[in-house]
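Student: Hi! Could we go through this model together, one piece at a time?
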Amino acid sequence: MKVSKCDPRLAKSLIEQYGGADGELAAALRYLNQRFTIPDKIIGLLTDIGTEEFAHLEMIATMVYKLTKDATVEQMEVAGLGGHLADHGFDLYYHNAAGNPFTVTYVTAKGDPIANLYEDIAAEEKARATYQWLIDMTDDVDIQDGLRFLREREVIHAIRFREAVELLKGFQEEKKVF
Amino acid sequence: MDSQWRTYTPYSSPLDPCPPRPKAYIVPPNQYVVFQPRGLRQFAPREALKRGTLWPELYSPYEYGGRGGGRR
Amino acid sequence: MSSVMPKEYYRVLEELQTVDFVLLELSLYLDTHPDDPHSLAQVQQFHLRRQGLVQQFETHFGPLLEYAHSPTTAGWPWAETPWPWQV
């Protein structure tokens, strides 16, 4: 994970994907929780994607860590991180860009596999949208590369969840629709 | 602009406080792939890691400033 | 600790990340296409490449897996830096 400059201001926005509603933590918890009761043939997919989200969580944490690690107290304050500093110092914390702490209400489980998978597809699209705003907010090309990678993963996950819906619909014998 | 982008222009009033800016959103390939067909061509491994997918057909480019200027 | 990691560390790590990424993509694909023989064969091939890279990395730079799931050597390198988010 490469980051080219010390930029606590960007870290303040990036934390959205750490402890925000459509962030990587919420994603990991959502999928790994749903997998216990999803029909058997989808358990592997939810396990794989849920685990991948934890890896993405570490990538976001790495970016935030590197962006703030050697910042001065003054730089943090100018970046709007004075409140963060007062409560957490240079520790990371699970909250969103506006400072609201992570809450498990970001995650749903409806007891219905189709409803759950549509929730998952929506979550991937929302995370993709968040990554687009984050890319628009930085001119650090290394961070942009990392964010573009994570954004594309949302696109792929959405495809897999759509395929899972098709499998549950019982269309698995008619894969070649186009 | 890349073919995945769509643009629109909302109603603009002479009373609007800011000069009008065109609006845009992206429609990534996952909107069209119902079930990935077998045998899609692949990126070379190094290229796949860089882009975030193994399959060019599922790749959605997103450039800084693609929405019209990056940081505004 | 702030010793600079050798070029070889970054090279092998990137190679490993590359192979791991292909395996990840193929895994998600196989989760919904479990009977695609071409992808199954590709997984086998990349799995072998991964084994070689893991051995190469762990021999020179320490364990990749926790709880002593990687081959153990003299000492306890798990407690040593750097960690992936530090390099």
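This is a predicted model: local features need pLDDT of at least 70, side-chain atom pairs count only at pLDDT 80 or more; totals for chains, interfaces and linings use all residues.
Student: Let's start with chain B: what does its secondary structure come to?
Tutor: Happy to! Chain B has one helix and two strands.
Student: And how do the elements of chain B run from the N terminus on?
Tutor: They go β-β-α.
Student: How much of chain B counts as buried?
Tutor: The figure is 24% of the 72 residues of chain B.
Student: What about contacts in chain B with a separation of 6 or more: what share comes from residues 24 or more positions apart?
Tutor: That share is 34% in chain B.
Student: Okay, on to the neighbours. How many residues of chain A are in contact with chain B?
Tutor: On the chain A side there are 22, and they meet 19 residues of chain B.
Student: Which helices of chain A each supply at least two residues of that side?
Tutor: Helix H7 (113-136) and helix H8 (141-169) of chain A do. H8(A) gives the most, with 13 residues.
Student: How do the residues of chain A that touch chain B divide into nonpolar, polar and charged?
Tutor: Twelve are charged, eight are nonpolar and two are polar.
Student: Nice. And how many residues of chain C are in contact with chain B?
Tutor: Ten residues of chain C are, and their partners are nine residues of chain B. Helix H1 (residues 7-32) of chain C gives the most to that side, with seven residues.
Student: What's the make-up of that side of chain C?
Tutor: Four of its residues are nonpolar, four are polar and two are charged.
Student: Switching topic: at what angle do helix H3 and H7 of chain A pack?
Tutor: Helix H3 (residues 24-34) of chain A packs against H7(A) at about 165°, and their axes are 11 Å apart.
Student: So are they roughly parallel or roughly antiparallel, and why?
Tutor: H3(A) is roughly antiparallel to H7(A) because of that angle, as angles over 145 degrees count that way.
Student: Is the crossing left-handed or right-handed?
Tutor: H3(A) passes H7(A) in a left-handed crossing.
Student: Which residues make that contact?
Tutor: From H3(A) there are Ala27(A), Arg30(A), Tyr31(A) and Gln34(A). H7(A) brings Asn116(A), Asp120(A), Ala123(A) and Ala127(A).
Student: And how do those residues divide by type?
Tutor: The contact of H3(A) with H7(A) has four nonpolar, two polar and two charged residues.
Student: Great, thanks for the walk-through!

Conventions. Residues are numbered from 1 along each chain as its sequence is written. Chains are lettered from A and ligands numbered from 1 in the order in which they are written. Two residues are in contact if their C-beta atoms, placed from the backbone, lie within 7 Å. Helices (H or I, at least four residues) and strands (E, at least two) are DSSP runs, numbered from the N terminus. Ala, Val, Leu, Ile, Met, Phe, Trp, Tyr, Cys and Pro count as nonpolar, Asp, Glu, Lys and Arg as charged, and the others, Gly among them, as polar. A residue is buried if 20 or more other C-beta atoms lie within 10 Å of its own, exposed if 12 or fewer, and partly exposed in between; C-beta atoms are placed from the backbone. Axes are lines fitted to C-alpha atoms, for helices over the stretch in contact, and angles run from 0 to 180 degrees between N-to-C directions. Angles under 35 degrees count as roughly parallel, over 145 as roughly antiparallel, 65 to 115 as roughly perpendicular and the rest as oblique. A crossing is left-handed if the near helix is turned anticlockwise from the far one by less than a right angle, and right-handed if clockwise.
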